[in-house]
Amino acid sequence: MGGEFWMLLELGMNSGANSSRFRAVCRMVMRSEDGRELRSFMFEEEAPGQEVRAVERKLLLETLASRLPSGAISFSSRVRKIEKQGMDETLLELDNGNKVLAKIVIGCDGVRSPIAKWMGFAEPNYVGHCAFRGLALYPEGQPFKQKVNYIYGRGLRAGYVPVSTTKVYWFICFNRPTPGQKITDPALLKKEAIMLVSNWPRELLDVIHKTPDDVVIKTPLVDRWLWPGLGPPASTDNVVVVGDAWHPMTPNLGQGACCALEDAIVLSRKLAGAIKNGPESIDKALRDYSLERWTRIFPLTIRANLVGVLLQWDNLAVCAFRNNVMIPKLVRLGPFLEHTNFECELLEPVASV
């Protein structure tokens, strides 16, 4: 997330403590399910100037929240109902019974966003595969070097990467025609994940075994293709959506949260001046945000989907070609990471709170 880490710095998170907590990743190793190394390279050699960092989601949210005044965030406050109040205001009713009257509503409430639904967006589309994710804990220190480990099978792939000195993030992505029945028992989820890769490299299994049951999650992968003219705009009546609420995409490019950060920077920049100039300026700012961001996130959503289709091959001959020809000899990282080279205009500096 090279460009996105730069944006964290622009948000004022460039202290030495924060920079060191967002761990730099230097190398990628790709292997087949039997443990055979297909390719290994340093990011700096493959894509000079490209910076890759592994960021734990919890730490990212804490870092962002630390820049807000105390009490600015109300947790466990999902939107139950939304309705317009007159010409310029919107009333939000929350699950905890509170009501909020707002002049501008920014819906960044995830894939199943009630705000996006209220605006007329269709449910995201299931893409044909699911993912397990987890965070392994090594209280005495994890043993892995700072590298991304990727393993390819037939219709099945997995990966893991250290995100701190004591934590290792991992995932398993697998084909499934339908999402299947929802499992709520975390021990069963972990057991299902282990069964999928029971004969895979021992390191991967060790990472999964070191993961507490209650942090293993399973999600169907979905996206929403924002074809021009075929869906609602990103903003209406001073209500606007960002991130997964607007453009959920599959994780195959690692750009979902990164694009949400980009949305936040672009929207903040456009609203900063417009708020001073009244409702018409705000409406124009929201429309400008929608147009500017659409040109980036629409092709990225499609590209992420197509990459997922290619990575989830299950044909024996095609997988053999992938492992013996495509990965070792044809794929180069530089062009593949070109989409991460995104830079925003600078925000006005804000005082620490």
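Phe298 has a relative accessibility of 11% and therefore counts as buried, whereas Trp294, at 28%, counts as partly exposed; here buried means under 20% relative accessible area, exposed over 50% and partly exposed in between, calculated with a 1.4 Å probe on protein chains only. The model is a predicted one, in which local features need pLDDT of at least 70 and side-chain atom pairs count only at pLDDT 80 or more, while totals for chains, interfaces and linings use all residues. Residues are numbered from 1 along each chain as its sequence is written, and side-chain values use heavy atoms, with hydrogens and water left out.

Both Trp294 and Phe298 belong to helix H9, where they lie four residues apart, about one turn of the helix. Helices (H or I, at least four residues) and strands (E, at least two) are DSSP runs numbered from the N terminus. An α-helix has 3.6 residues a turn, so residues three or four places apart point the same way.

The structure holds 10 aromatic pairs, a pair being two rings of Phe, Tyr or Trp (its six-membered ring) whose centres lie within 6.5 Å, with planes under 30 degrees apart called stacked, over 60 edge-to-face and the rest tilted. Two of these pairs are set out below.

| Pair | Centre to centre | Angle between planes | Type |
|---|---|---|---|
| Trp246 and Tyr289 | 5.7 Å | 45° | tilted |
| Trp294 and Phe298 | 5.0 Å | 15° | stacked |

Trp246 is buried at a relative accessible area of 3%, and Tyr289 is buried at 0%. Ring pairs also join Trp225, Trp227, Trp294 and Phe298 into a cluster.

Strand E11 (residues 156–162) is mostly covered, since seven of its seven residues are buried. Leu156, Ala158, Tyr160 and Pro162 point one way from E11, while Arg157, Gly159 and Val161 point the other way. Strand E11 pairs in the antiparallel sense with strand E10 (residues 147–152) over four bridges and with strand E12 (residues 167–175) over seven bridges; two strands are said to pair if DSSP finds at least two bridges between them. Tyr160 is the bridge partner of Asn149 and stands opposite Trp170 in E12. The hairpin of E10 and E11 has three residues between the strands, and in it Gly155 takes a positive phi near 65°, while the hairpin of E11 and E12 has four residues between its strands.

In helix H4 (residues 57–65), the buried residues are Leu59, Leu60 and Thr63. Seen down the axis of H4, these buried residues fall within an arc of 100°, so they line one face of the helix; the arc is that of the directions from the helix axis to the C-beta atoms. The face turned away from that buried side carries Arg57, Lys58 and Leu61, which are exposed.

Taken as a whole, the protein chain has 11 helices and 15 strands, and buried residues make up 45% of its 353 residues. Its C-alpha atoms fill a box of roughly 65 × 45 × 40 Å along the principal axes.
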